[in-house]
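The report that follows describes a two-part subject: how the chains meet, and which local features deserve attention within them. Please read it alongside the sequence and the coordinates.

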Amino acid sequence: DQQVKQNSPSLSVQEGRISILNCDYTNSMFDYFLWYKKYPAEGPTFLISISSIKDKNEDGRFTVFLNKSAKHLSLHIVPSQPGDSAVYFCAASDGGSQGNLIFGKGTKLSVKP
Amino acid sequence: KAGVTQTPRYLIKTRGQQVTLSCSPISGHRSVSWYQQTPGQGLQFLFEYFSETQRNKGNFPGRFSGRQFSNSRSEMNVSTLELGDSALYLCASSLRPGRETQYFGPGTRLLVL
């Protein structure tokens with residue numbers, strides 16, 4: 001049973017527009033969420049995180065929104081650039097007893113010039 | 001600060017052999033986690049080490065094992081390799097377990113023939 005789901009395997013966006021990547025989770029004990037970006041043959045690169053005490057966190061072009069009641073988070077990239085083309089993974093942790101991250105299967109973002 | 005390093009980067013083995021992969025965390029990081037990524041799957045958690053102790057283990061057979069040394073470096077071992085063990089093995093480090101951002105190395109690509 002997948003605890004973290006990224007239901008869109010791929011997303012295509014025009015350069016300069018907004019990219020919205022979505023993630024749903026089922027475990028209400030998760031209280032820390034992260035987004036990673038991954039290029040082929042490389043390890044994931046940390047992008048941005050959010051704690052469950054917040055509903056929004058911004059870092060430059062990246063904003064993560066958390067809706068705890070819906071168990072949903074999203075990553076917004078504005079404006080999207082061709083260099084953003086990669087696979088994006090959502091991850092969650094319950095922080096306490098289990099320190100490991102639970103990952104979604106990823107969404108491949110293609111930003112077209 | 002140097003990032004997480006993993007050696008070797010690529011490895012080819014045959015069924016039945018064993019393999020040892022190495023990970024050096026970011027300086028000052030004491031927690032090391034290992035993940036397996038296979039095509040079509042997200043990252044699946046293998047195990048986590050902190051202060052030379054295995055803190056947490058994922059749902060993998062006993063052929064997968066690991067250890068952590070006093071300098072926080074970690075190794076993972078896979079014995080009696082199977083074709084299905086072909087994957088990208090990723091190591092991640094963090095300051096401590098729990099609600100901490102994990103930073104990933106480039107991974108070791110293992111091919112089992």
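Between chain A and chain B there are 4 residue pairs in polar contact, counting pairs in which both residues have pLDDT 80 or more, and it should be kept in mind throughout that this is a predicted model. Salt bridges between chain A and chain B, by contrast, number 0. On the side of chain A that touches chain B, the elements that give two or more residues are strand E4 (32–38), strand E5 (45–51) and strand E9 (86–93) of chain A. Of these, E4(A) supplies the largest share, with 4 residues. Sorted by class, this side of chain A consists of 9 nonpolar, 10 polar and 5 charged residues.

The size of an interface is often expressed as the accessible area that is lost when the parts come together. Here chain A and chain B bury about 1,800 Å² between them, with 52% of that area on carbon and sulfur atoms, and the contact draws 24 residues from chain A and 22 residues from chain B.

Within chain A, an open sheet of 5 strands runs in the order E1-E3-E8-E7-E6, with antiparallel pairing. Its edge strands are strand E1 (4–5) and strand E6 (56–59) of chain A, each of which pairs on one side only. E6(A) is joined to strand E7 (residues 62–67) of chain A by 4 bridges in the antiparallel sense, and Lys56(A) has Phe65(A) in E7(A) as its bridge partner.

The backbone also has cis peptide bonds, including one in each chain. In chain A such a bond joins Val78(A) and Pro79(A), with omega about -10°, and Pro79(A) is placed in the loop between strand E8 (72–77) and E9 of chain A. In chain B a cis peptide bond joins Thr7(B) and Pro8(B), again with omega about -10°, and Pro8(B) lies in the loop between strand E1 (5–7) and strand E2 (10–13) of chain B.

Positive phi values in residues other than glycine form another local feature of chain B. Glu52(B), in the loop between strand E5 (43–50) and strand E6 (53–57) of chain B, has phi near 70° and is partly exposed, with a relative accessible area of 48%. Ser72(B), in the loop between strand E7 (64–68) and strand E8 (74–78) of chain B, has phi near 80°, but this residue counts as buried at 11% relative accessibility.

| Salt bridge | N to O distance |
|---|---|
| Glu48(B) and Arg55(B) | 3.0 Å |
| Arg63(B) and Glu82(B) | 3.6 Å |
| Glu75(B) and Arg73(B) | 3.5 Å |

How accessible are the partners in these pairs? Glu48(B) is buried, with a relative accessible area of 0%, whereas Arg55(B) counts as partly exposed at 34%. Glu75(B) is likewise buried, at 17%, while Arg73(B) is partly exposed, at 24%. Salt bridges that share partners join Arg63(B), Glu82(B) and Asp85(B) into one network.

Note on methods: Residues numbered from 1 in each chain as written. Chains lettered and ligands numbered in written order. Predicted model: local features only at pLDDT ≥ 70, side-chain atom pairs only at ≥ 80, totals over all residues. Heavy atoms only, no water. Contact = heavy atoms within 4.5 Å. Buried area = accessible area lost by both parts, 1.4 Å probe. Salt bridge = Lys/Arg side-chain N within 4 Å of Asp/Glu carboxyl O. Polar contact = N/O pair within 3.5 Å; in protein donor to acceptor, adjacent residues only side chain to side chain. Nonpolar A, V, L, I, M, F, W, Y, C, P; charged D, E, K, R; others polar. Pairing = 2+ DSSP bridges. Buried < 20%, exposed > 50% of the residue type's maximum accessible area, 1.4 Å probe, protein only.
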